[in-house]
Amino acid sequence: MNPRSILRRRRSLLLSAAGAAVVLAASVAVAGTAEAASTLGASAAQSGRYFGAAIAAGKLGDSTYTGILTREFNAVTPENEMKWDATEPSQGRFTYTNGDRILNQGLSNGSKVRGHALLWHAQQPSWAQSLSGSALRSAAINHVTQVATHYKGKIYAWDVVNEAFADGGGGGRRDSNLQRTGNDWIEAAFRAAHTADPNAKLCYNDYNTDGVNAKSTGVYTMVRDFKSRGVPIDCVGFQSHLGTGIPGDYQANLQRFADLGVDVQITELDVAQGGNQASIYSSVTRACMAVTRCTGITVWGIRDSDSWRTGENPLLFDNSGNKKAAYTSVLNALNAGGPTVPPTSGPTSPPTSSPTTPPSAGACSASVTLNSWSGGYTATVKVTAGSAAVNGWAVTVNLPAGGAVTNAWNATSTGTSGTVGFANVSYNGQIPAGGSTEFGFQGTGSGPSATPTCRAS
Ligand code: XIL
């Protein structure tokens, strides 16, 4: 299907979706929304979600690979580059070169970056494998602290602990050197990560937890306990390395975790190629779209030839980078819409730095894209620097009478109705010449119809 017919299809899907909750993407002062909806990332963004890919630093020189990456995806996960063996190859010596490559690739494309993974029984450096007891515990917590501190303010969500539960019927923990340091190692890791980077969402991530089963129920019980005791956990990742089927209760499983008060994310999706690959991809996407707190989906690689599952062709693009049927099924499921994700995602912090010089008019511009429904909307505002770099920005939006801003993210707001001001937060005030950043807000009534004004310093 060419982009135009995809667009027509999307429009007809939207318009035929009866009822008050029809999500109508309206663009104000932004050219290209129609084109944007023909990519995975832009389609997911219409409901406040992201669509990401695991990427490898060693492939960033491949133009087919980076072409698909920058066109289609608005989130990235390092496939290996932020793991313990990569970031602390000898004890106390930290190497971030490749992790930073992934980070910068993502940030320069305006993408979210998922950090993966602070602690895991696999891909530990050999020095850690040979430690035990309190020496291992303190080395592990130091690792969490150092790596989360290095990436502070830049990571959307961290897989703090990966794959700590056992397969099989018991629903208990996996035996590992980390587990042998004491059952509280997971909460100790989450507390250390929260101290190091209070704005990153902190996730527990695992596989074979994609339906309601003993293992996922073990994780569920841990998350419920963490929430009840105030252990800082924000999200649960479901790897979703799937074969030729999908659990019938996939969506119900996501929902039961969401009901505990955490976000849920599909973190490593790949599906064995078979007759039903496209429909399984579609089912996973529709399940996420149906769960309000399912904030995004990540596929574990771009082309089949990039996959760790050699020979299974489990991804959305073939070896040459062509879109597969599975790609189209995902795109259609994203474009069919679903409840908008509550706009709390992404690092949100009180302003810790404000522009030191008052913003001056004209050095930046702003444009708004609206996702509207009957009685409300979310607005994504793109702030673009002019020919000079910007060190802080302030955007003014005029709202129609009767409406009010209820929530803002990636910006601070002043006022709620009439003329509403937004200013950068600590991590997004600096925009390079010609570059851009985005913030958002949710409101009641109708969204703004005029182009906002931007002042920069
Ligand atoms: C895999 C990578 O894709 C491979 O390149 C590497 O050799 C092994 O790890 N669960 C996870 C991921 O959490 O980190 C794993 O990634 C796949 C399974």
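Is Glu187 buried or exposed? Glu187 counts as buried, at 16% relative accessibility. The cut-off for that call is under 20% relative accessible area. The model is predicted.

**Salt bridges**

Glu187 has a charged partner. Its side chain meets that of Arg191 in a salt bridge, 3.4 Å from N to O. Both residues belong to helix α9, which spans residues 185–196. They sit four residues apart, about one turn of the helix. Arg191 is partly exposed, with a relative accessible area of 36%.

| Pair | N to O distance |
|---|---|
| Arg71 and Glu72 | 2.9 Å |
| Arg309 and Glu312 | 3.1 Å |
| Arg191 and Glu187 | 3.4 Å |

Take Arg71 and Glu72. Glu72 is buried, with a relative accessible area of 1%. Arg71 is partly exposed, at 41%.

Arg309 has 11% relative accessibility and counts as buried. Glu312 is partly exposed, with a relative accessible area of 32%.

Salt bridges also link up into a network. Its members are Lys59, Asp62, Arg303 and Asp306.

**Aromatic pairs**

Phe190 lies in helix α9 and Phe226 in helix α10, residues 214–229, so the pair ties together parts that are 36 residues apart in sequence.

Tyr220 is in helix α10, and Phe257 is in helix α11, residues 250–258. The contact therefore ties together parts that are 37 residues apart in sequence. Tyr220 counts as buried at 17% relative accessibility. Phe257 counts as buried at 0%.

Helix α10 thus holds a residue of each pair: Phe226 and Tyr220.

Elsewhere, four rings group together. Phe51, Phe73, Phe317 and Tyr327 form one aromatic cluster.

**The ligand site**

How many residues surround the ligand? The shell holds 13 residues. The closest are Glu79, Lys83, His116, Asn162 and Glu268. By class, the shell divides into three nonpolar, six polar and four charged residues.

Several side chains place polar atoms by the ligand. For Trp300, a polar side-chain atom lies 2.9 Å from a ligand oxygen atom. For Glu163, such an atom lies 3.0 Å from a nitrogen atom of the ligand. For Gln123, the distance to a ligand oxygen atom is 3.3 Å. Taken alone, the ligand exposes 420 Å². The protein buries 78% of that area.

Conventions: Residues are numbered from 1 along each chain as its sequence is written. This is a predicted model: local features need pLDDT of at least 70, side-chain atom pairs count only at pLDDT 80 or more; totals for chains, interfaces and linings use all residues. Side-chain values use heavy atoms; hydrogens and water are left out. A residue is near a molecule or strand if one of its heavy atoms lies within 4 Å of it. A polar contact is a pair of N or O atoms within 3.5 Å; within protein, one must be able to donate a hydrogen and the other to accept it, and residues adjacent in sequence count only if both atoms are side-chain atoms. Accessible areas come from the Shrake-Rupley method with a 1.4 Å probe; for residues, only the protein chains shown count as cover. Ala, Val, Leu, Ile, Met, Phe, Trp, Tyr, Cys and Pro count as nonpolar, Asp, Glu, Lys and Arg as charged, and the others, Gly among them, as polar. A salt bridge is a side-chain nitrogen of Lys or Arg within 4 Å of a carboxyl oxygen of Asp or Glu. Buried means under 20% relative accessible area, exposed over 50%, partly exposed in between (1.4 Å probe, protein chains only). Helices (H or I, at least four residues) and strands (E, at least two) are DSSP runs, numbered from the N terminus. Rings of Phe, Tyr and Trp (its six-membered ring) pair if their centres lie within 6.5 Å; planes under 30 degrees apart count as stacked, over 60 as edge-to-face and the rest as tilted.
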